[in-house]
Amino acid sequence: MQVEISTELDCPLDEAITHGRTTDLLRFVVYPLVHFTLIEPQPWPDTWAEGTYWVGVHIFGFLPFGKQAIVISYPASGAGFLLRDNGYSALVKVWDHTISISTINGRTRYRDTVTVHAGLFTLPVWLFAQVFYRHRQRRWRLLAGRGFRY
């Protein structure tokens, strides 16, 4: 199942792309719904490099939800910036998330597209993703509106 949600950010395109590459941004936009603890490699990088990162996942910061692979790549894009996390875990076999940052009508547009497959749990995982990505975009707008002061 797929989720696609977009929003406009109150910041220049280049600034959104710069912050979209950082691990600090991820930890800010998921708070307080999810808390990630880096398992390997250590420590958290400042910016995402292509590769696989294993994280412990805690829902609401305290409910353990196992570990997940965050698999980062930067696909080519003729219309802006793309970051792909082709992640997975024992429960969620596919968590394929693409971040797209582009300009539309002179505004910075941010879009999350995620495909999830979790067997019998696909529907509840998809419902969680609906809430999760709307929350992330609210946090993106908040952060961009205050000049990316974390």
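Strand E3 (residues 51-59) pairs with strand E4 in the antiparallel sense over eight bridges, where strands are DSSP runs of E with at least two residues, numbered from the N terminus, and two strands are said to pair if DSSP finds at least two bridges between them. Within this pairing, Thr52 has Val71 of E4 as its bridge partner. The model is a predicted one, in which local features need pLDDT of at least 70 and side-chain atom pairs count only at pLDDT 80 or more, whereas totals for chains, interfaces and linings use all residues. Residues are numbered from 1 along each chain as its sequence is written, and side-chain values use heavy atoms, with hydrogens and water left out.

Strand E4 (residues 63-73) also pairs with strand E5 (residues 81-89), again in the antiparallel sense, over four bridges, and here Ala69 has Tyr88 of E5 as its bridge partner. E5 in turn is joined to strand E6 (residues 94-104) by seven bridges, the two strands running antiparallel; Leu83 stands opposite Ile99 of E6, and a hairpin of four residues connects E5 to E6.

Taken as a whole, seven strands form an open sheet with antiparallel pairing, in the order E1-E7-E6-E5-E4-E3-E2. Its edge strands, each of which pairs on one side only, are E1 (2-9) and E2 (34-40). On average, neighbouring strands of the sheet are turned by 25° against each other, direction ignored, as given by axes that are lines fitted to C-alpha atoms, with angles running from 0 to 180 degrees between N-to-C directions.

In the loop between E2 and E3 lies Pro43, which counts as exposed because its relative accessibility is 62%, the classes being buried under 20% relative accessible area, exposed over 50% and partly exposed in between (1.4 Å probe, protein chains only). Pro43 and Ser6 are separated by 37 residues in sequence and by 31 Å in space, C-alpha to C-alpha.

Helices are DSSP runs of H or I with at least four residues. The 24 residues of H3 should span 34 Å at 1.5 Å a residue, and the end C-alpha atoms of H3 are 34 Å apart, in agreement with this value, the expected span being 1.5 Å times one less than the number of residues. After H3 comes Gly147, with a positive phi near 70°.
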